[in-house]
Amino acid sequence: MSTPSATSTTSAPTPVTAVGADRRPAVEPLGPDSLTWKYFGDIRTGMMGMWIGAIENMYPGLGAGVEDHSSLWREPLQRVFRSVYPIMGVVYDGDRAGRTGAMIRDWHRDIKGVDSAGRRYHALDPATFYWAHATFFMMVIKLADYFGGGLTEAQKHQLFDEHVQWYAQYGMSMRPVPDSWEGFCEYWDRVCADELEYTKAADGILNMRIPKPWFVLVPDAVWGQLFKPMLSAQRWIATGLFEPVVREKAGLQWNDGDEILFRLFGKAVQIMFAFVPDEVRLHPRALAGYRREHSREQGKPVDEDAPLVEAPWFTGPPKDRRDNGMHYVPPGASPARALLERAGSLVHGTFSLAGGLAGGLGRARVA
């Protein structure tokens with residue numbers, strides 16, 4: 001099944017049934033006809049990792065929670081890589097999306113404390129939890145705007161409605177959620193201008209250093225240089241994606257020439273990815289979701305309890321943190337089997353890409 005094109009229209013999402021603090025949207029999960037499915041699982045979001053990490057953690061309560069409780073500084077690659085799987089699942093897990101959302105919510109129950117300014121924080125404070133979700137929604141908007149050819153106003157309104165339906169999967173209070181796309185834009189601008197701060201966690205992300213994982217057999221001197229170009233590129237992309245007021249808070253410089261170059265870069269990425277097949281372009285959890293729904297459309301039996309696609313075993317949290325209830329721990333597997341599966345996926349992806357390029361530069365079908 002092919003993913004929707006950038007200009008496709010879809011059926012209206014499940015409507016919100018009430019207004020204000022007592023609003024309760026229907027909790028049906030998003031499906032493959034949604035624009036959120038089209039954009040959120042795209043691997044181009046990986047280019048935006050430093051942006052979303054920094055702007056999330058400029059929210060004081062969220063930044064304090066990461067500073068005090070996260071293992072991000074010990075294992076940034078593993079932490080980010082494994083976290084993406086359940087986050088993707090809230091969109092792509094079909095009827096199980098609510099369960100995935102509830103698991104993510106519950107991992108945050110004990111993340112609380114007092115920040116350096118004496119302010120109490122809790123990860124499940126509705127405003128704090130919603131800000132994290134708002135950044136994921138804005139990531140979809142910015143991905144389409146800068147790297148995907150743009151969105152019409154109707155599509156932005158549709159994505160807003162879908163993000164409400166998406167957020168409902170967490171089972172959190174809906175009180176912080178704006179009532180409309182226009183309301184969300186006002187909310188985003190207000191938080192960026194009045195509430196975000198340049199926290200220690202945000203600084204750590206913008207100036208990230210990546211410790212060498214235990215399983216990588218590369219000399220320390222080589223490892224120390226390996227990620228410098230990637231991190232510099234991510235910092236430049238993050239600077240371009242920030243609103244001007246956020247750039248100013250972070251002390252980052254940007255001029256008209258940077259903006260022109262950034263837009264040209266985004267157009268080049270858009271053109272290049274027009275030729276990348278879905279098997280390569282989509283995150284594994286997203287690809288699994290499309291394949292499941294394609295089988296359903298074809299009238300094939302679908303095992304609703306089939307194991308979900310999980311992060312590789314070697315991305316698991318440090319052993320001393322696996323039992324504290326704050327982490328997603330990928331299901332155990334033998335290292336040999338996991339490595340074989342990883343090698344098989346790499347070979348499959350390589351041949352998929354080669355086949356897509358050789359086959360008339362057409363979009364592969366998700367099946």
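The protein chain holds 16 helices and two strands, where helices (H or I, at least four residues) and strands (E, at least two) are DSSP runs numbered from the N terminus. The model is a predicted one, in which local features need pLDDT of at least 70 and side-chain atom pairs count only at pLDDT 80 or more, while totals for chains, interfaces and linings use all residues. Residues are numbered from 1 along each chain as its sequence is written, and side-chain values use heavy atoms, with hydrogens and water left out.

Of the 367 residues in the protein chain, 49% are buried, meaning under 20% relative accessible area with a 1.4 Å probe and protein chains only. Contacts (heavy atoms within 4.5 Å) also reach across the sequence: among those with a separation of 6 or more, 76% join residues 24 or more positions apart.

Beyond its neighbours within four places in sequence, N57 is in contact with L62, G63, V66, T199, A201, A202 and I205.

Two of these partners, V66 and I205, return with L72, a residue of the loop between α3 (60–69) and α4. L72 is buried, at a relative accessible area of 10%. Apart from residues up to four places away in sequence, L72 touches V66, R79, V80 and I205. The C-alpha atoms of L72 and I205 are separated by 9.3 Å, although the two residues are 133 residues apart along the chain.

Next comes a helix pair. The axes of α4 (residues 76–92) and α5 (residues 97–106) come within 7 Å and cross at roughly 140 degrees. The contact is made by P86, I87, G89 and V90 of α4 and A97, T100, G101 and I104 of α5. By class, this contact of α4 with α5 has five nonpolar, three polar and no charged residues.

Finally, Q155 is found in helix α7 (residues 153–167) and counts as buried at 7% relative accessibility. A polar atom of the side chain of Q155 lies 3.0 Å from the backbone nitrogen of T152.

How values were computed
Buried < 20%, exposed > 50% of the residue type's maximum accessible area, 1.4 Å probe, protein only. Polar contact = N/O pair within 3.5 Å; in protein donor to acceptor, adjacent residues only side chain to side chain. Axes fitted to C-alpha atoms, helices over the stretch in contact; angles between N-to-C directions. Nonpolar A, V, L, I, M, F, W, Y, C, P; charged D, E, K, R; others polar.
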